[in-house]
Structure formats: C-alpha cells, structure tokens
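Before reading on, please take a moment to look over the sequence and the model. This report then goes through selected features in turn.

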Amino acid sequence: MAVASSHVSSDEEAMILELVRDLVREKVAPRAAEIDEKGEFPFDLKELFAQSDLLGIPFPAEYGGLGGSFVTYVKVVEEIAKACAASSLIVAVQELGALPILIGGTEEQKQSYIPRLASGEWIAAYALTEAGSGSDAAGSMRTRAERKGDKYVLNGTKIWITHGSVADVVCVFAVTDSSKGANGISAFIVEKTFPGFQVGKKEKKMGIRGSPTVELNFENCEVPADNLLGNEGAGFKIAMKVLDKSRPGIAAQALGIAAGALDYAANYAKERMAFGKPIGQQQGVGFMLADMKTEVEAARLLVYECARKCDEDAPDLSLWAAMCKLKAGDVAMSVTTDAVQVLGGFGYSAEYPVERMMRDAKITQIYEGTQQIQRLVISRTLVGKWTPPGNGSRK
Ligand code: COS
C-alpha cells in the first residue's frame with residue numbers, strides 16, 4: 001500500500017521511469033522470448049528489480065520501501081509489461097502478496113514482513129482462489145482454519161496461485177466459521193517453512209509462462225495464532241480491499257502489453273511494403289492502428305486516474321479499480337489481436353513478439369476477477385446489490 005502522500009517527487013518518478021526503460025531495453029526485452037519458451041521464473045530479473053529498488057516502490061518508507069505513489073508503481077508495471085508481461089508480475093504480485101499485511105496487519109506484523117518484501121529478500125503470494133471458488137470467492141470457500149491453542153490448523157487446497165512455488169510467504173484465506181458466510185473467513189500469513197505447507201501441481205498455461213502458477217496444499221498446516229491478520233472473520237473484507245488496490249496493477253500490466261504490441265505493429269507497418277507503399281499508409285491498416293492507439297490512451301487514462309485514487313484512498317476506489325481492469329484487459333486483448341493481424345503471417349509466428357503478447361493478454365481478462373466480475377462490481381455501484389426476499393441473504 002503506497003503512503004497517501006508520496007515520498008517520491010515527480011522528478012524522482014521521472015528518474016525511476018528512465019531507469020526502468022533502460023533496464024527493460026537492456027535486460028528484460030532480450031530475455032522475454034526465452035522466459036516464455038522455457039516457462040521458468042526469471043530469478044535474475046527478480047534480483048535486478050530488487051537491486052534497483054523497484055520492488056519497494058509501493059511500500060511505505062517506514063517499512064523499508066521507497067514510499068512511492070501508486071501512480072509511479074503502475075507506470076513501472078506498465079513499462080516492464082511492454083516488453084515482458086511475465087516479468088511485470090514480479091513487481092505486481094509482490095504488491096498483491098504484501099497488501100493483506102499492509103491493510104490488515106498489526107504494526108508488529110508489518111515490521112516483521114514488509115521490509116523483507118520491499119527489499120526483495122522474500123517473495124510474496126496471495127492465496128484466495130480454490131477449485132470451486134473463483135468468482136464466488138466467499139460463498140464457495142472450502143479451506144478451513146481451526147484454532148488449536150496458540151495455533152491455527154489449516155486444511156484445504158488453493159489453486160491458480162501466482163508465484164506460489166517461489167514465494168517465501170503467502171497470505172492465505174480460510175473459513176474459520178462456516179455459519180457466517182463472508183464474515184466467517186479469516187486471513188493468515190503463512191511462511192513456506194510452516195509444517196503442512198506444500199506446493200502442488202504447476203499449471204501449463206497459454207501465456208505469462210515465466211510466472212509460475214501453482215496449487216498450494218495445506219495439510220494440518222500449523223500457523224501461529226499471531227499470524228492471523230486482523231480479527232477472525234475480517235479476512236474477506238481484507239481480500240476485497242486488496243483486490244481494489246491490486247487490480248490497477250493488473251490493469252497496468254494489460255496496458256503495457258497493449259502499448260508494447262501497438263508499438264511493434266506501428267513500426268512494422270512503417271517498414272512493410274505492399275502495393276508500392278508501406279502498409280501503415282494504406283487505409284485498412286492505418287485506421288486499425290488509429291483505433292488501437294485511441295484504445296490504449298483511453299485505458300491509460302483510466303489506469304492512471306485509478307492509481308491516483310489508490311493514493312488518496314478514495315471512497316469510490318472499488319468502482320475505479322473494476323473499471324480500469326475491465327477496460328485495460330479488453331484493450332490488451334483487442335490491440336494484441338489486431339497487432340497480430342497487422343503483421344499477417346509473421347504475427348502468427350513465435351519469432352515475432354506479438355504472438356506472445358496476444359497469448360499473455362488473455363489472462364488479464366480472467367485473473368484478479370474476470371471481466372464479468374468487474375462488470376458486477378461496477379453495476380452494483382449503479383443499481384445496488386440484489387438481495388433475495390426473505391432473510392435478505394443467500395448465505
Ligand atoms: N471493500 C471492503 N469490503 C467489501 C468490498 C470491498 N471492495 N467488497 C465487498 N465487501 C464487503 C461487503 O460490504 C460485505 O460486507 P458485510 O457482510 O459487512 O455487508 C462483504 O464484504 C461481502 O460482500 P458481498 O456481499 O458483496 O459478497 P458477494 O459474495 O456478493 O460478492 C464479489 C463479492 C463477487 C465482488 C467478490 O466475491 C469478488 O470480487 N469475486 C472475485 C474474486 C476475484 O477477483 N478472484 C480473483 C482471484 S484473486 S487473484
């Protein structure tokens with residue numbers, strides 16, 4: 001969680017972004033195709049980002065972070081995603097995994113964990129989703145946590161956990177009281193060394209292949225009671241507040257993918273000749289590029305405005321987080337698809353980056369809440385939530 005008033009000036013933000021552009025050009029872009037092909041987490045780039053203080057940007061200075069604004073943070077994610085979507089998740093998921101502690105943690109918990117995450121010494125992950133509990137995150141959760149003395153004992157399985165296999169610490173959501181629906185869910189800080197924590201199957205994915213997505217199994221996993229975040233039952237609200245601040249990071253990733261694909265397609269269209277002139281000068285392609293550019297800039301305005309609202313802890317943040325993730329995810333998909341079209345047969349070849357970008361774009365319409373969930377969140381702000389007659393709740 002970035003501090004409300006940033007410690008980073010606009011001059012410093014410009015310097016950070018220049019540094020990131022240099023790193024991306026020299027170190028990230030040349031590795032992007034290989035990272036995708038091998039499907040391996042790029043530990044070298046994680047180290048590079050850690051040494052360059054990029055992981056600490058959104059964390060408050062008092063916990064070892066840079067105390068940067070959310071606006072700076074989303075711009076950094078965007079810059080990395082222009083070249084390599086998987087690598088941009090190194091920055092974005094560190095924030096996602098740390099947010100439950102920043103939002104729901106005690107001073108002691110923050111002091112204990114955030115400095116190690118801000119420096120990049122440790123990697124964080126966020127474990128909400130289960131096989132039967134994706135969009136309906138509260139209603140269908142099956143992972144249980146039972147208090148036994150000074151410990152909680154966790155049992156259950158989480159799936160689709162980004163960086164779950166490389167994380168040192170995972171914020172895990174589990175049911176502590178099944179009679180209370182969303183208000184019976186609690187959040188825990190779980191270290192990978194806690195007994196009963198196991199990494200399960202790794203997914204084979206369409207895109208973001210350098211970012212490991214795994215199953216996590218909790219078999220009588222013992223978590224010290226001190227690692228409960230907030231009170232028992234506070235977990236779902238923490239999970240939702242986290243998503244309000246992490247969806248803009250995913251929107252920034254989507255924006256970066258789209259901007260990277262547009263850039264590549266526009267350059268190609270300037271060079272590639274057909275019927276005696278560059279294809280970009282022909283109306284069919286030129287107008288496509290014009291629409292792509294307009295969509296990218298529209299998404300950018302929403303992402304940056306939402307990041308500003310994150311910095312202010314604005315009361316309508318949920319709405320803006322959902323809108324920017326919805327728009328940027330759809331723009332990433334449409335712009336990368338059109339970029340492949342601009343390149344024609346070459347666009348369909350893995351030798352050109354737009355093929356990877358199109359595969360990477362798809363996930364931004366799915367994770368951190370599907371586009372349908374974003375629309376649900378947005379429409380509820382307009383017309384309210386449906387509560388069935390009778391007891392007023394299905395739970
Ligand atoms: N901030 C704070 N509190 C919130 C909140 C938010 N953004 N959103 C919901 N809550 C609170 C509600 O106010 C409600 O509190 P009370 O019981 O005190 O009234 C409680 O949380 C339950 O909320 P709600 O009734 O809206 O829950 P629903 O089950 O109807 O649906 C959705 C919530 C669908 C919005 C939620 O489940 C969701 O976002 N699902 C998608 C999950 C997701 O993005 N998964 C991706 C994987 S994580 S990378």
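This is a predicted model: local features need pLDDT of at least 70, side-chain atom pairs count only at pLDDT 80 or more; totals for chains, interfaces and linings use all residues.

**Around the ligand**

The ligand is surrounded by 23 residues, and the closest of them are Ser 135, Lys 237, Asp 244, Arg 247 and Lys 385. Sorted by class, this shell contains eight nonpolar, six polar and nine charged residues. Helix 7 (235–271) and helix 11 (371–383) each contribute at least two residues to the shell, and helix 7 provides the largest share, seven residues. Seen by domain, at least three residues of the shell come from each of domain 2 (125–233) and domain 3 (237–383).

| Side chain | Distance to a ligand oxygen atom |
|---|---|
| Arg 247 | 2.8 Å |
| Arg 380 | 2.9 Å |
| Lys 385 | 2.5 Å |

Taken alone, the ligand exposes 1,000 Å², of which the protein buries 74%.

**Aromatic pairs**

The structure holds seven aromatic pairs. In one of them, the rings of Tyr 113 and Trp 122 have centres 6.2 Å apart and planes at 50°, so this pair is tilted. Tyr 113 counts as buried because its relative accessibility is 5%, and Trp 122, with a relative accessible area of 15%, is buried as well. Phe 346 and Tyr 352 also form a tilted pair, with 5.4 Å from centre to centre and 50° between the planes. Here Phe 346 counts as partly exposed at 38% relative accessibility, and Tyr 352 counts as partly exposed at 23%.

Definitions and conventions
Residues are numbered from 1 along each chain as its sequence is written. Side-chain values use heavy atoms; hydrogens and water are left out. A residue is near a molecule or strand if one of its heavy atoms lies within 4 Å of it. A polar contact is a pair of N or O atoms within 3.5 Å; within protein, one must be able to donate a hydrogen and the other to accept it, and residues adjacent in sequence count only if both atoms are side-chain atoms. Accessible areas come from the Shrake-Rupley method with a 1.4 Å probe; for residues, only the protein chains shown count as cover. Helices (H or I, at least four residues) and strands (E, at least two) are DSSP runs, numbered from the N terminus. Ala, Val, Leu, Ile, Met, Phe, Trp, Tyr, Cys and Pro count as nonpolar, Asp, Glu, Lys and Arg as charged, and the others, Gly among them, as polar. Domain bounds come from an automatic or database domain assignment. Rings of Phe, Tyr and Trp (its six-membered ring) pair if their centres lie within 6.5 Å; planes under 30 degrees apart count as stacked, over 60 as edge-to-face and the rest as tilted. Buried means under 20% relative accessible area, exposed over 50%, partly exposed in between (1.4 Å probe, protein chains only).
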